[in-house]
Amino acid sequence: MTTYIIRRLLIMPITLMGVTFLIFAMMQILGPVERSALYVRDVPKTENQINAIIERYGLADPIHFQYWYWLVGRQDPQTGDVVGGILRGDLGFSRTGREPVIDMLQRRFPATLELALWAMIPIIAGGIWMGMKAALNHNRPVDQVSRVFATLGWSIPTFVLGLLLLLIFYARLGWFAPGRLSTQFALEVTRPGFIQYTKMMTVDALLNLRFDIFIDALTHLVMPVITLAVIQWALLLRVTRSSMLEEMRQDYVRTARSKGLKERTVVNRHIRRNALIPVVTIAGATLAGLMNGAVVTETIFNYPGLGQMAAEAAVTLDVITMLGFALFNGILFIGAYLIVDILYVVIDPRIRLS
Amino acid sequence: MTTILDVRNLVTRFYTEDGVVHAVNGISYTLDEGESMAIVGESGSGKSVGVMSIMGLIPSPPGKVEAGEVLYNGRDLLKLSPEELRQLRGSEIAMIFQDPMTSLNPVLTVGLQMTEALELHLNMSSAQAKERAVEMLQLVGIPNAADRLDDYPHQFSGGQRQRLMIAMALSCNPSILIADEPTTALDVTIQAQIIELVQKLQQELGMAIIWITHDLGVVAGMVQKLAVMYAGFIVEYGSVHDLYNLTSHPYTLGLLNSIPKVDARERTRLSSIEGLPPDLLMEPKRCPFAPRCTFAVERCWEENPPLISIAPAHSSACWQWEVVRSQSKVGVAA
Amino acid sequence: MSQKNGKEVLVSVNDLKLHFPIMRGVIRRQVGAVKAVDGVTFDIYKGETLGLVGESGCGKSTAGRAILQLLKPTAGEVYFEDRDLTKLSKGDLRRARRHMQMIFQDPQASLNPRLTVGSIISEPLEIHNVGDRESRKERVQELLRVVGLNPYFISRYPHEFSGGQRQRIGIARALATNPSFIVADEPISALDVSIQAQVVNLLDDLKAELGLTYLFIAHDLSMVRYISDRVAVMYLGKIVELGSRDDVYDRPYHPYTQALLSAIPIPDPDKEARRERIILKGEVPSPANPPTGCRFHTRCQYATEICSQQDPEFRNLGTAVQSHMVACHHAEKFM
Amino acid sequence: MTINTSEAVTPAGRPAGIPLDEGFLRPPSRLEKAVGPEWARLIKGIFTNPLSVLGLIIVTGFILVALFAPVLAPPPKPGANPYQIPRDGFLPEPKPPGTPWNKNAPYYVPRWYSLTGNEEWVHLLGTTGGQYDIWYALVWGTRTALLAGTAVVAVSAIVGILIGSVAGYFGGLVDEVLMRILEIFVVFPSLVAVLVLSSILVPIFGRSLWPAMIALIVFGWMGYARLLRGDILSNKERDYVMAARASGARDTHIILKHVLPNAIFPTLVFLSLDMGSIVLSFAALSFLGVGVEPGYADWGQIVSFARNYIVSLDTFWYVIVFPAIALLLYGLGWNLLGDALRDILDPKLRGKIG
């Protein structure tokens with residue numbers, strides 16, 4: 001197992017490098033003018049300024065030089081400062097956000113993370129629980145109903161679901177509103193009295209013992225969480241269900257029954273443990289799905305996370321922000337898939353001990 | 001000897017998309033305390049389904065036990081509630097299966113799989129159960145038993161896994177052990193080891209054994225009684241001696257003749273049963289063996305012969321049993 | 001064709017080895033090898049059936065595949081009609097395959113489920129451009145008749161047939177190009193007892209009729225007796241005993257052969273009760289790490305010190321005409 | 001050369017004329033004779049399962065709508081670009097279903113229109129803000145969806161199948177390199193990657209179908225490649241491949257006749273599911289505003305109009321509800337079909353009798 005993990009760890013930098021190649025290649029589709037945004041600290045004013053930047057940072061140099069500059073940065077021949085360089089954490093300047101891309105990512109990531117974490121609760125609880133229920137009642141009403149819901153949930157586009165929720169719960173019923181906080185609290189959390197430990201509103205509100213803010217943040221999360229969760233919930237339900245059905249047919253289940261074990265023990269101890277192993281393998285896909293969903297969901301519900309930023313940048317063709325976002329995602333998911341793979345190996349004794 | 005298991009007219013069918021599979025068509029046999037018997041038949045003969053029906057392990061749907069009685073110490077198992085039947089399984093009647101690799105749970109330790117039945121049926125504490133598990137593992141010949149409780153099934157070799165299955169099945173001291181082709185997946189030399197082990201354990205522990213197999217040769221030396229199954233029927237039933245020497249059903253005779261004889265002096269042609277077993281989707285009206293039978297007469301195509309007693313403790317389901325018996329080993333000699 | 005003892009040698013296997021590399025570690029370096037076949041030498045005479053027997057993992061199937069060059073041997077030579085197959089070019093080998101065929105263990109897995117019986121059987125003919133469409137169809141129907149199937153089934157699919165019938169289809173495919181040599185890799189072990197006898201008889205009839213030569217691979221000694229002229233017993237990648245059928249069955253010199261013979265069940269309760277069985281200890285060791293010296297010494301009741309140190313020579317204890325080869329230090333004890 | 005394998009027996013009383021090993025072959029159905037057993041099972045399975053029949057009806061319905069678009073929603077004048085949604089003025093406020101057309105009404109009234117009970121042209125499903133006719137947008141949007149979806153799926157499937165079969169059949173270094181490259185592409189959450197790439201491509205191709213389509217292909221082939229590679233890997237170890245090799249077959253013969261036909265079915269399932277999900281992603285992109293020019297007949301765009309009326313969605317419900325139904329049905333149709341295919345083809349669920 002350890003050699004597998006080490007091998008996996010050694011492949012990681014190769015994949016990472018491939019990711020930088022891919023993003024750099026996409027960047028090369030752009031002209032030098034757009035790329036100049038990598039090296040500025042403000043929205044450039046005139047054409048001359050831009051040309052000067054292209055000249056100064058070698059944006060018209062051969063490709064392999066440019067790749068190197070992009071990685072490690074470029075010394076400004078006048079000031080002597082090093083500018084740019086993704087390895088230094090400099091991803092350029094965001095036209096939409098009017099701030100460095102890296103700052104924007106840092107500021108907005110906690111909001112998306114908070115959304116994703118809350119969404120995990122219904123996904124895991126509902127998906128696994130209903131998947132097991134459905135499998136144990138194979139072809140009975142519970143199974144049929146959950147299959148119908150799973151197929152519907154799987155088929156409905158996120159943006160349609162989000163808008164339908166808005167139509168019902170906001171426009172008609174007025175229960176929930178878009179945004180992240182109500183106006184009265186939105187200002188309050190920026191004041192010195194409220195310490196933003198994690199920048200995740202629900203968590204910070206609890207840490208500051210502000211239950212009113214906690215409740216407010218939570219009500220704002222209800223619609224986006226549902227929107228984000230439905231597809232992944234449907235996916236998990238299906239995977240759990242088919243994995244359970246598969247395991248229920250195995251010989252060892254017959255052995256367990258022949259020992260006279262209670263049906264509860266057969267299911268909980270024998271079947272479930274085997275059935276959940278494949279479920280772990282789709283955890284990576286679930287996380288990726290949440291990020292996909294976040295782009296649409298945050299846009300619809302005006303929720304200030306990474307997804308909303310990306311959608312805005314995409315509409316305004318702010319490519320530097322997009323590429324920064326892509327790089328961030330690349331690194332995030334290389335890590336996430338690595339953890340999932342290792343987890344899978346650790347969970348299954350057949351692999352762990354061989 | 002007291003009869004411990006009395007199966008009467010057991011019928012099991014499967015209701016599939018393609019039609020009704022007539023898997024077991026009214027079989028009857030008895031098993032005495034401490035006795036060992038074998039049920040012999042080819043794949044699809046209903047030999048496994050028959051015992052699974054007794055244990056309440058038929059997947060339902062599509063399977064259904066449709067008729068019959070299974071008297072275990074006088075109680076009809078088919079009338080028990082699922083909960084009552086569950087309590088009997090593993091403690092009174094235990095099973096081992098064909099493929100020890102897939103029959104053990106791959107993600108649970110051997111120790112856990114050994115002790116769970118003990119804790120459930122014998123109310124042992126976890127320490128007691130562990131002690132008993134180690135004892136059983138030693139009994140079936142697993143070296144360093146105490147150290148191996150935390151291992152997983154894949155860390156054992158094929159033969160050892162079957163030993164684990166046996167240890168697990170016998171740990172609660174059942175009075176009947178049902179062995180469903182336990183040696184088929186194993187190599188010949190390992191097969192010999194396992195057979196010897198089961199025989200030794202039977203002598204020590206005294207349980208009755210129902211040995212299910214497709215190979216008449218394997219069981220010849222180890223059981224007292226035989227039931228030969230074909231297409232869901234028991235076609236011949238009796239003591240081992242009678243079945244081998246006074247064979248009275250053409251299928252049994254065919255099976256015996258198609259087994260290669262290692263001790264034969266001359267290289268002869270193998271005799272074989274031509275044709276194929278019948279389609280179980282068809283309602284059995286005539287003798288199911290008639291199309292492959294060299295002894296068949298017109299009556300065989302019209303009427304399915306019942307299993308009738310032809311001698312004390314020997315029955316056959318064949319209209320021509322007397323003719324067949326004259327062709328059997330002893331019959332020919334005489 | 002080369003001669004030996006007045007018999008024509010069709011296939012000659014010389015020190016054949018096939019090692020599967022074991023790749024371990026971070027960069028998948030080869031750290032060892034599973035010595036599936038580790039130096040096997042024997043001849044197959046024209047028109048005979050050589051039975052190759054051993055337990056699972058002893059390398060018998062691998063040997064069969066290595067002889068047909070379906071797996072690339074690590075070392076050694078395989079002469080077929082005096083040509084070394086291991087040295088043939090890809091094209092020459094493909095053409096040579098017309099004369100040597102294989103029958104597989106699992107008739108279900110060896111027939112492509114998407115092809116009709118007709119296309120399965122005529123495939124080798126198409127590959128080697130034998131005849132036109134019409135004559136191929138006639139040939140297929142003839143082959144079906146030969147293996148005891150109704151030629152009417154030519155456009156049916158494998159899944160419609162029973163195991164024994166499928167094996168007949170596999171045999172018909174192997175016969176299509178009129179080969180002279182057939183490797184039958186456990187052709188009966190997936191079949192029911194009553195069907196096994198049918199298939200063995202069929203193979204035996206075909207051999208007599210068509211003058212075939214078989215390498216018949218099996219995992220126990222019982223059926224082999226009925227079809228083989230000579231028998232080779234394999235253990236952990238090596239042949240431990242090789243001799244005529246009667247020699248091997250009546251006068252086994254190797255303790256492993258003796259154990260295999262004694263493990264065969266006898267369908268007779270009286271004989272079975274009287275018989276002394278040799279129960280071997282333990283299981284077959286891993287071919288990745290075989291025991292030193294004689295590979296069988298870990299399970300052998302006669303093993304002495306020399307057995308664990310020295311690999312026994314594969315020597316002839318029979319006559320020059322009828323050889324009886326054995327690899328055991330103590331073989332004389334059983335003479 | 002005939003060998004009588006049946007010398008032993010001719011049982012008395014056996015009905016004459018049946019050869020010994022005739023067995024009990026069921027006569028093949030006409031369908032099986034025509035297309036072979038696997039396809040016959042597939043077709044029979046699709047037509048006997050109510051859910052897949054429903055899916056088939058939905059998908060066929062969409063295809064018919066696309067085919068008869070000029071009759072269902074005639075453009076304002078003959079020869080006008082039909083993909084440009086006609087606008088009935090420029091008023092910002094949507095109009096409810098049944099409002100009469102003032103400007104740019106269809107140039108003729110087809111016969112079916114009398115079924116609606118109206119004599120003059122009305123906006124059957126209302127208009128969006130900016131007075132785009134929703135009925136027209138949905139009808140012609142079906143064409144857009146089917147054309148773009150089919151094109152994207154076809155190209156990604158071909159690319160994926162090529163790469164997958166090369167990697168799977170040749171294995172070794174080729175496989176290793178291709179799989180490392182594939183890994184780089186799968187690291188990004190799909191919608192994120194597609195959003196980034198299409199926003200980069202917009203300046204080059206202008207606002208049209210192309211940026212989104214290209215991006216969906218670039219990040220859409222991996223599923224096919226992975227799936228096919230795995231199936232080929234397992235198929236090429238089968239005995240029948242060994243048997244073909246033993247008969248002297250060439251590699252190309254083995255791939256085309258034995259490996260691919262047996263490995264392709266799971267890819268078909270994936271293809272069917274992809275037909276649904278590609279269109280939904282496509283719609284999500286144009287919903288976010290990265291895609292076609294304003295006024296192009298496209299489902300995503302028509303939904304994006306609803307974003308301007310979030311607060312008053314309960315008044316303007318038709319802006320979201322009708323497009324939502326179209327999108328949901330489309331996704332549902334393909335998913336039902338794909339699920340049914342999966343159930344029919346799953347070898348583990350096959351032929352199980354207790």
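Biologist: Which residue forms a salt bridge with Asp341(A)?

Modeller: This is a predicted model, and the rule for a salt bridge asks for a Lys or Arg side-chain nitrogen within 4 Å of an Asp or Glu carboxyl oxygen. The closest N and O atoms of the pair are 2.8 Å apart. Asp341(A) sits in helix α15 of chain A and its partner in helix α1 of chain A, so that distant parts of the chain, 333 residues apart, are linked. The partner of Asp341(A) is Arg8(A).

Biologist: How many salt bridges does a search of the whole structure find?

Modeller: The search covers all chains. Two salt bridges are found across the interface of chain A and chain D. Over all chains, the total is 45.

Biologist: Which residue of chain A meets the side chain of Asp339(D) in a salt bridge?

Modeller: The interface of chain A and chain D holds two salt bridges by the rule. For the pair that includes Asp339(D), the N to O distance is 2.6 Å. The residue of chain A is Arg238(A).

Biologist: Which element gives the largest share of the side of chain A that touches chain D?

Modeller: The elements that each give two or more residues to this side are α1, α6, α7, α10, α13, α14 and α15 of chain A. The residues of this side divide into 37 nonpolar, eight polar and six charged. The largest share is 10 residues, and it comes from α15(A).

Biologist: What area do chain A and chain D bury between them?

Modeller: The size of an interface is often given as the accessible area lost when the parts come together. Here 51 residues of chain A are in contact with 53 residues of chain D, and six residue pairs across the interface are in polar contact. Carbon and sulfur atoms account for 77% of the buried area. That area is about 4500 Å².

Biologist: Which helix of chain D gives the most to the nonpolar patch?

Modeller: The patch covers about 630 Å² and is made by Ile63(D), Leu64(D), Leu67(D), Phe68(D), Val71(D), Tyr107(D) and Tyr108(D). Of these, Tyr107(D) lies in the loop between α4 and α5 of chain D. The helix that gives the most, with three residues, spans residues 50-67 and is α3.

Biologist: Where does Asn104(D) lie?

Modeller: Asn104(D) is a residue other than glycine with a positive phi, near 60°. Its place is in the loop between α4 and α5.

Biologist: What is the phi of Asn139(A)?

Modeller: Asn139(A) lies in the loop between α5 and α6 of chain A. Although Asn139(A) is not a glycine, its phi is positive, at about 65°.

Methods: Residues are numbered from 1 along each chain as its sequence is written. Chains are lettered from A and ligands numbered from 1 in the order in which they are written. This is a predicted model: local features need pLDDT of at least 70, side-chain atom pairs count only at pLDDT 80 or more; totals for chains, interfaces and linings use all residues. Side-chain values use heavy atoms; hydrogens and water are left out. Contact means heavy atoms within 4.5 Å. Buried area is the accessible area (1.4 Å probe) that two parts lose on being put together, summed over both. A polar contact is a pair of N or O atoms within 3.5 Å; within protein, one must be able to donate a hydrogen and the other to accept it, and residues adjacent in sequence count only if both atoms are side-chain atoms. Helices (H or I, at least four residues) and strands (E, at least two) are DSSP runs, numbered from the N terminus. Ala, Val, Leu, Ile, Met, Phe, Trp, Tyr, Cys and Pro count as nonpolar, Asp, Glu, Lys and Arg as charged, and the others, Gly among them, as polar. Patches are made of residues with over 30% relative accessible area and no salt bridge: like charges are joined within 9 Å, nonpolar side chains (Val, Leu, Ile, Met, Phe, Trp, Tyr) within 5 Å. Accessible areas come from the Shrake-Rupley method with a 1.4 Å probe; for residues, only the protein chains shown count as cover.
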